[in-house]
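Have the structure open while you go through them.

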Amino acid sequence: MLQKSKLSQFFKSASVVKLLPLALIIIAIFNSYFIVIEGHVGVVKRFGEAKDQQNPGLHFKIPFIETVEMIEVRTRKNAEKMASSTKEQMPVTIEVSVNWTVNKEAALELFKRYGGLTQFEQRILDPRFRSATKDTIPQFEAEQLIQDRASAIQGIERRLAEEMEGFPVVVDNIQIENIILPQKYINSIEIKQTEKNLAAAEEHKLERQRLEALRAVNTADARAKGILKVAEAEAQSILLKGKAEAQAIEAKAKALKNNPLIVKLTEAQAWDGRLPMTMMGEGAMPIMDLRDASK
C-alpha cells in the first residue's frame with residue numbers, strides 16, 4: 001500500500017511538471033497585450049520605468065517585464081470647500097470647483113514627473129487651486145460676491161492660470177458652487193434688497209405719472225394749436241372774402257364812373273314795368289293810363 005501511494009504521488013508530481021510550461025505559456029499570452037479605452041492613454045513601464053505611451057486601441061507588451069498605467073485625458077473635476085473672508089473681513093465659506101484636462105501628448109511627461117493623476121492633484125493642482133481662491137475672495141465685498149460671481153470666478157481663473165503655467169494640463173473653467181455667509185448678513189441683504197425693490201417701484205410709479213401728465217399737456221397743447229389753426233383759417237377766409245367784395249365794389253364803381261349809361265341800364269333792369277300814377281311838374285303834361293281797362 002505504501003509503494004502504491006508513493007507511485008501515485010510521483011505520477012501526480014510528474015504531471016504537474018509537465019503542465020507547468022503550458023500554464024506559463026497561457027499566462028504569458030494573456031499578458032502579452034493590453035487595451036487602452038477611449039479617454040485614456042496607456043503609459044508603458046518596463047521594470048517600473050516609464051518608456052512609452054499608447055493611444056486607445058489594442059497593443060502588445062513584453063509579458064512579466066512591461067506593465068501599463070492608464071492615464072485619463074478626459075475633463076476631470078476637482079471640488080473644494082474652504083473658509084475665507086471678504087474685503088470687509090466677514091467670514092465666508094466658499095464651495096468652488098475646477099474642470100481641467102491633461103494634455104494628451106504630455107501624459108508620459110506627467111507620469112514621469114508626478115507619478116500619475118492622483119499624485120498630481122494632491123501635490124500640484126489642489127494646493128494651487130486653494131491658494132488662488134483664497135487670494136481672490138478677499139478682494140470682493142460680500143454683496144459683490146453674491147451679485148457678481150462672474151468677476152470673482154474670472155479673478156480665480158487668472159490667478160490659477162498663472163500658477164499652472166508650465167504644467168502639462170489645461171484649466172478649462174472654474175465655478176463657484178455656493179457662497180455661505182453669516183445668517184445675520186443674509187437677512188440684512190434681504191431687507192436691503194426689499195427696500196431697493198420698493199424704491200424702484202415707487203420711482204416707476206412717479207415716472208409713469210410724469211409721463212401721463214406730459215401726455216395730457218401734449219394733448220391739450222395739440223388741441224389748442226388745432227383750435228388756433230381753425231380760427232386762423234376762418235379769419236383768413238373772412239379777410240379774403242372781404243378783399244374780394246371790396247375789389248368787386250371798386251371795379252363796379254370804376255365801371256359806373258367811366259360809363260354813365262350803365263346807370264340807366266341798371267335802372268332799367270330794376271324797373272318793374274309800372275308807370276308812375278302821378279307826375280308833378282310846372283307844365284301841364286297829359287297822363288296816359290296804359291293799364292288794361294279790363295282790370
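Are H3 and H5 parallel or oblique to each other?

1. Helix H3 (residues 117–136) and helix H5 (residues 149–163) have axes that come within 9 Å and cross at roughly 135 degrees. Angles over 145 degrees would count as roughly antiparallel, so H3 and H5 are oblique to each other. The crossing of H3 past H5 is right-handed.

2. Before going further, a word on confidence: this is a predicted model. The chain has an average pLDDT of 80, and 79% of the residues score at least 70. Among the elements, strand S7 (residues 91–102) has the highest mean pLDDT, at 94, while helix H7 (residues 261–270) has the lowest, at 61.

3. Back to the H3 and H5 contact, now residue by residue. H3 brings Arg 128, Phe 129, Ser 131, Ala 132, Thr 133, Asp 135 and Thr 136. On the H5 side, they meet Ala 152, Gly 155, Ile 156, Arg 159, Leu 160 and Glu 163.

4. H3 has another partner to look at, helix H2 (residues 107–114). Here the axes are 9 Å apart and the packing angle is about 65 degrees. H2 passes H3 in a left-handed crossing, whereas H3 passes H5 in a right-handed one.

5. Who touches whom there? From H2 come Leu 110, Arg 113 and Tyr 114, and from H3 come Leu 117, Gln 119, Phe 120, Arg 123 and Ile 124. By class, the contact of H2 with H3 has 5 nonpolar residues, 1 polar and 2 charged.

6. The structure holds 4 aromatic pairs. One of them joins Trp 100 and Phe 120, with 5.7 Å from centre to centre and 40 degrees between the planes, which makes for a tilted pair. Trp 100 sits in strand S7 and Phe 120 in helix H3, 20 residues apart, and the pair thus links distant parts of the chain.

Technical notes
Residues numbered from 1 in each chain as written. Predicted model: local features only at pLDDT ≥ 70, side-chain atom pairs only at ≥ 80, totals over all residues. Heavy atoms only, no water. Axes fitted to C-alpha atoms, helices over the stretch in contact; angles between N-to-C directions. Helix = DSSP H or I, 4+ residues; strand = E, 2+ residues; numbered from the N terminus. Parallel < 35°, antiparallel > 145°, perpendicular 65-115°, else oblique. Left-handed = near helix turned anticlockwise from the far one by under 90°. Contact = heavy atoms within 4.5 Å. Nonpolar A, V, L, I, M, F, W, Y, C, P; charged D, E, K, R; others polar. pLDDT = per-residue confidence, 0-100. Phe/Tyr/Trp six-rings, centres within 6.5 Å; stacked < 30°, edge-to-face > 60°.
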